[in-house]
Amino acid sequence: MVALAERVGATYDHVRGSELAEEAALFTDHGGFFTTPLEARRRADLIVLVGEIPAAHHELLLSWHAARPDLGPSQKRRWFHISGARREDTASEISAVLKRVKASVVEASGQPLAAVLAAVRAGLGGRKSIGAVEGFDDLAAALGKAAFPVFVFSGRQQGLSTLAMLQGLVGDLNRSRRATSLFLPSDDRAWGLALASVWMTGFPPRTGFGTGKPVYDPQLSDVTRMITEQEADLHLWISEAEGDKPVHRPGLPLVAFVPGEAAVSGAAVTITVGRAGVDHDGVFYSSRMGTLSAVKASAPSYRPSVSGVLRELADALPEKEALPC
């Protein structure tokens with residue numbers, strides 16, 4: 001997809017582009033302290049869950065609960081959860097996990113997650129903050145005793161300021177002790193696209209080739225914005241999930257690659273494609289491994305892969321330079 005975008009001067013994005021842009025910005029604009037899932041499972045004697053963790057990662061978290069860390073005098077693992085206020089109509093995704101691991105909650109009544117993290121950071125630094133934080137004393141005591149504390153977070157609905165505040169907190173801790181964090185993507189497949197995009201262009205998705213060179217701009221290259229503001233003259237939609245629907249604007253030609261047999265409403269062309277890991281072998285980012293992982297097809301079929309169809313499209317263009325593998 002990235003290679004085809006370069007060939008035709010297109011811009012590419014992901015359906016979770018906003019979350020992905022915030023997650024990428026944490027690394028590109030701020031940086032921080034990070035570890036791997038295996039290292040967290042093996043060594044962390046204190047795990048602090050920060051905000052909501054997507055359900056796709058709950059099995060991973062529970063697998064740590066059953067393992068003993070090899071650091072810390074007691075070889076026991078304590079759990080905390082730093083929580084922010086949620087809308088009344090929003091249920092917590094992680095409540096069942098918190099109950100299983102017996103996590104102590106750190107929160108401030110009515111305050112968003114960024115404010116709670118700021119208050120915790122101030123308190124650990126001996127500075128005053130506005131309002132009381134429930135559970136702060138227990139967390140501070142646990143951090144003082146821990147051999148290897150790990151703060152586990154995701155980018156889902158957290159906001160860049162929240163992610164940056166967390167890294168500031170972890171950075172402060174590293175002035176006098178060891179501490180780190182573990183990033184669990186809001187969507188593993190989206191993060192896999194980000195990694196592929198970076199090694200091919202040097203930039204994450206929301207990169208465009210309108211000038212002939214890759215230009216990354218998370219605002220200008222927001223494909224949804226480009227469509228609604230009539231900056232796009234063709235929309236190529238690629239989806240392996242039948243529930244997702246493309247943004248549509250009357251008069252804008254839409255070409256859709258989808259796993260279903262039915263035509264996509266409003267599309268000029270619908271092409272049925274196979275799903276990686278189902279209809280054909282694939283490679284995905286795995287949060288459990290912290291890297292890319294090969295996946296065998298679970299139900300091989302005749303449906304072509306997305307990459308195969310994209311390659312055929314590229315071969316049909318006037319330029320005959322072959323796409324990279």
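**Close-up 1. Packing of helix α2 against helix α9 in the predicted model.** Helix α2, which spans residues 17–30, packs with helix α9, residues 188–201, at an angle of about 50°, and their axes lie 11 Å apart; the two helices are therefore oblique to each other. The crossing in which α2 passes α9 is right-handed.

**Close-up 2. Residues in the contact of α2 with α9.** On the α2 side the contact is made by Leu20, Glu23, Ala24 and Phe27, while α9 contributes Ala190, Trp191 and Ala194. Sorted by class, this contact of α2 with α9 comprises six nonpolar residues and one charged residue, with no polar residues.

**Close-up 3. The open sheet of five strands.** The strands follow the order β4-β3-β2-β5-β6, and their pairing is parallel. Strands β4 (104–106) and β6 (180–183) stand at the edges with a single partner strand each, so that one side of each is left without a neighbour in the sheet. From one strand to the next, the twist averages 25°.

**Close-up 4. Pairing of strands β2 and β3.** Strand β2, residues 46–50, and strand β3, residues 78–82, are joined in the parallel sense over five bridges, and Val50 stands opposite Ile82 in β3.

**Close-up 5. Helix α6 across the sheet strands β2, β3 and β4.** Helix α6, formed by residues 113–124, lies across these strands and runs at about 125° to β3.

Definitions and conventions:
Residues are numbered from 1 along each chain as its sequence is written. This is a predicted model: local features need pLDDT of at least 70, side-chain atom pairs count only at pLDDT 80 or more; totals for chains, interfaces and linings use all residues. Side-chain values use heavy atoms; hydrogens and water are left out. Axes are lines fitted to C-alpha atoms, for helices over the stretch in contact, and angles run from 0 to 180 degrees between N-to-C directions. Helices (H or I, at least four residues) and strands (E, at least two) are DSSP runs, numbered from the N terminus. Angles under 35 degrees count as roughly parallel, over 145 as roughly antiparallel, 65 to 115 as roughly perpendicular and the rest as oblique. A crossing is left-handed if the near helix is turned anticlockwise from the far one by less than a right angle, and right-handed if clockwise. Contact means heavy atoms within 4.5 Å. Ala, Val, Leu, Ile, Met, Phe, Trp, Tyr, Cys and Pro count as nonpolar, Asp, Glu, Lys and Arg as charged, and the others, Gly among them, as polar. Two strands pair if DSSP finds at least two bridges between them.
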